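User: I would like to go through this model by question and answer. Please start with the terms.

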Amino acid sequence: MPLLRRLPKRGFRGQSKKGHQIVNLEMIAGLKKEANITPELLKEKGIIKGRVDFLKILGTGELKVPVNVKAHAFSKSAAEKIKAMGGKCEIINKVARLQGDKVIR
């Protein structure tokens, strides 16, 4: 039997994207009373679960009231829809996490 077939096969694991969250405008439209939308508020309301290292807002859905949204990134359509309703898109920087003595960005 050839050597390559006798050796154990091991898989490849790419970099994990844990902590990346995506939210559509239709989910934000469900928060009727909130005027300022932050990642902390979305986590509190149960729209996103788990760790939030990166939050991107996508443009699926329609807004009915003006809102101020803070996120790490916005799609073009989401930014246009938020601004058309009189709201603001504010980009926040990724927060550094501490792991032991190292700072992970």
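Analyst: Buried means under 20% relative accessible area, exposed over 50%, and partly exposed in between (1.4 Å probe, protein chains only). Helices (H or I, at least four residues) and strands (E, at least two) are DSSP runs, numbered from the N terminus. This is a predicted model, in which local features need pLDDT of at least 70, side-chain atom pairs count only at pLDDT 80 or more, and totals for chains, interfaces and linings use all residues. Residues are numbered from 1 along each chain as its sequence is written, and side-chain values use heavy atoms, with hydrogens and water left out.

User: Along E3, which side chains point to one face and are buried?

Analyst: The side chains of E3 alternate.

User: In what order do the strands of the open sheet with E3 stand?

Analyst: Two strands pair if DSSP finds at least two bridges between them. E1 and E3 (residues 54-58) pair in the parallel sense over 5 bridges, and 2 bridges join E3 to E5, also parallel. The 3 strands therefore form an open sheet with parallel pairing, in the order E1-E3-E5.

User: Why is one side of E1 and of E5 left without a neighbour in the sheet?

Analyst: Strand E1 covers 20-24 and strand E5 covers 73-74. One side of each is left without a neighbour because both stand at the edges, each with a single partner strand.

User: Which residue is the bridge partner of asparagine 36 in E4?

Analyst: A second open sheet has 3 strands in the order E2-E4-E6, with parallel pairing. Its edge strands are E2 (36-37) and E6 (88-91), each pairing on one side only. E2 is joined to E4 (residues 68-71) by 2 bridges, and the partner of asparagine 36 is asparagine 68.

User: Is leucine 4 buried or exposed?

Analyst: Leucine 4 lies in helix H1 (residues 3-6). Its relative accessible area is 69%, so leucine 4 is exposed.
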